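Please read it with the sequence and the structure at hand.

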Amino acid sequence: MSFIQIFLLGMLIVCALAVSLTKNLLTSLIVYMAYSLIMAIIWMMLESPDLAITEAAVGAGITSVLFFVTLKKIHAIKGDREHE
Amino acid sequence: MLDWLRFILSFAFLVSGLLIMITAVVGVYKFDYVLNRMHAAAMGDTLGILFCLIGLTFNAPDIWTVFKLILIIVFLWFSSPVNSHLIARLEVTMNPQWHQLPLSPEHLMEEDS
Amino acid sequence: MSKKRSDWESRPQARIKKWFFDGYSAFDDEIINQISVKTPDPVNHAVYDAYIDEISANKHERKLMIEKFEDQNVRSWINARGRKVFTRFYVILSFLLACLMIFFLLRTVAEMPRFGSETSPGINEVTARYIEKGLDETGAMNIVAGMILDYRAFDTLGESTVLFIAASAVLILLRIDRNKDGSPVMELIAEESDDRHYEPRNDRILQGAAKVLVPIIFLFGIYIILNGHLSPGGGFSGGAIISAGLILYLDSFGFEKAGRFFTYSTFSWVSFISLSFYALAKTYSFYMGANGMESGIPLGTPGAILSSGLILPLNIAVGMVVACTMYIFYALFRKGGL
């Protein structure tokens, strides 16, 4: 394993922990997008470009957009100005 | 000789692009106000990606890769500024005090408290 | 009665006991305060007994009262201490369960063969046949497309059907009800579209960028779908990219303009035609009793765009189903309709 693979796997673990440990749902969603992108790069390094394209399009794109819309629908995105 | 020239050029462009991106990240964490952060992120992102991709074009194996990279640059230069514009417009729509910019540090302190 | 040592408080058992039974942690502060069950006032025994004697000398009623009193006591214990104890118990048990799962999973991982080793059970005659004869039998340069759309086309049929069923379920759950005469209920629509209040609508810059970008995204998605048997990609990823372009169009131009070319009937007809074509193309061998691999279409020269038999139309069918489904997910989540 090269250095960049170990680095990417470590970042994957860090992202996976951060998704579940952050309290703010919006932050964890953005970290989840980063997770998907790192996963796409890892698929590319494992020589499966089909999966990499699908992960980048579905995991980082469509799923995150659907999550954003859902958070907006249930009013879970709280700006700081709403409290004032 | 030509290989060395290509290597040096791509190295220079890649390193400068990465430096610009690092500056942008520092700016995003340093600034206080949304529009300032948006400005830092947008400018650094656009220019850094341009420099990185130009550095990669010097290392490309054939002309078609160069063409694809130029297409990627065009796509990113279309989409990234539009994203920043949407963020800025959302801020301007939602914050009634945006026109008092540039905000002084005291004003920001008051707003926080 | 044993005497407590002076340093009993600082011993680990005592601290664990304190933490378990009546400690204080941020966890129950967050959770329990949100639930906001008020602890009932502690019951005053003397007042209660006097009350019971006063209102009734009847033994039965007195028993009932005592039962109620004990019930209240239990309830107050549950509200005061029991939930805390239960939370501690729950935390410890979940931690132990997680440790157990991690142990078993790591044990399994340790016994797995190394990545790409020759002795792994994944490398058998099936894989060898896919790799050696895949190009001859399916005609697809991309071996993955040959696998998922020719050897194992039923899997992909199931995936597309699952997506369609998910879209139908979301349609049932999130669609806005209509009046009996077919017109939508205006209050519900106003309520649903209120979340767009602050968003930039009809933004000139976004529309100008979308005019340039949406055709490029469509073109890229169509390229990925049509080239699925030659290069990495295929119906699923290409359909997702096309649906991303559709979502960009919807966001920049609004529901009215998007509704001109994409309605419920578009969704249902495209999904119906694609899925039924897929199902017929892959199940006709059941009825005809033929070899499932041979489609009767000549495979063509590998590498040409019109080659590899049924893979290209099947890719198009899967891509259309995926694009329509993702777009309708977004539209339903956003507005509750098209």
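## Chain A and its contacts

In chain A, 42% of the contacts between residues at least 6 apart in sequence join residues at least 24 apart. The model is a predicted one, and this holds for everything described below. Chain A contains three helices and zero strands, so that the order of its elements, read from the N terminus, is α-α-α. Its C-alpha trace extends over about 50 × 25 × 15 Å along the principal axes, and its radius of gyration is 15 Å, where a compact globule of 84 residues would have a value near 12 Å. Of these 84 residues in chain A, 19% are buried.

Two of the helices of chain A pack against each other: helix H1 (residues 3–21) and helix H2 (residues 25–45) have axes 9 Å apart and meet at an angle of about 155°. Because of that angle, H1(A) is roughly antiparallel to H2(A), and the crossing in which H1(A) passes H2(A) is left-handed. On the side of H1(A), the contact is formed by Gln5(A), Leu8(A), Met11(A), Leu12(A), Cys15(A), Ala16(A), Ala18(A) and Val19(A). H2(A) contributes Ser28(A), Val31(A), Tyr32(A), Ala34(A), Tyr35(A), Ile38(A), Met39(A), Ile41(A), Ile42(A) and Met45(A). By residue class, this contact between H1(A) and H2(A) comprises 16 nonpolar and two polar residues, with no charged ones. As background to such lists, an α-helix has 3.6 residues a turn, so residues three or four places apart point the same way.

Chain A also touches chain C, in a contact that takes 14 residues from chain A and 17 residues from chain C. On the side of chain A, the residues that touch chain C are eight nonpolar, three polar and three charged.

## The chains side by side

| Chain | Secondary structure | Buried share | Contacts joining residues at least 24 apart |
|---|---|---|---|
| Chain A | three helices, zero strands | 19% of 84 residues | 42% |
| Chain B | four helices, zero strands | 11% of 113 residues | 63% |
| Chain C | twelve helices, zero strands | 23% of 338 residues | 73% |

## A buried alanine in chain B

Read from the N terminus, the elements of chain B follow the order α-α-α-α. Ala24(B) belongs to helix H1 (residues 2–30) of chain B. Is Ala24(B) buried or exposed? Ala24(B) counts as buried because 20 other C-beta atoms lie within 10 Å, and 20 is the number from which a residue is classed in this way. When residues up to four places away in sequence are left aside, Ala24(B) touches Ala40(B), Ala41(B), Met43(B), Gly44(B), Asp45(B) and Gly48(B).

## Helix packing in chain C

In chain C, helix H7 (153–174) and helix H11 (residues 264–288) have axes that come within 11 Å and cross at roughly 160°. It follows from this angle that H7(C) is roughly antiparallel to H11(C), and H7(C) passes H11(C) in a left-handed crossing. The residues of H7(C) that take part are Ala153(C), Phe154(C), Leu157(C), Ser160(C), Thr161(C) and Phe164(C), and they meet Ser271(C), Leu275(C), Tyr278(C), Ala279(C) and Lys282(C) of H11(C). The residues of this contact between H7(C) and H11(C) fall into seven nonpolar, three polar and one charged.

H7(C) also has a part in covering another helix. Which residues of helix H6 (residues 143–151) of chain C are buried? They are Ala145(C), Gly146(C), Ile148(C), Leu149(C) and Asp150(C). The cover over the buried residues of H6(C) includes helix H5 (125–138), helix H7 (153–174) and helix H12 (311–334) of chain C.

Key
Residues numbered from 1 in each chain as written. Chains lettered and ligands numbered in written order. Predicted model: local features only at pLDDT ≥ 70, side-chain atom pairs only at ≥ 80, totals over all residues. Contact = placed C-beta atoms within 7 Å. Nonpolar A, V, L, I, M, F, W, Y, C, P; charged D, E, K, R; others polar. Rg over C-alpha atoms; globule rule 2.2 N^0.38 Å. Axes fitted to C-alpha atoms, helices over the stretch in contact; angles between N-to-C directions. Parallel < 35°, antiparallel > 145°, perpendicular 65-115°, else oblique. Left-handed = near helix turned anticlockwise from the far one by under 90°.
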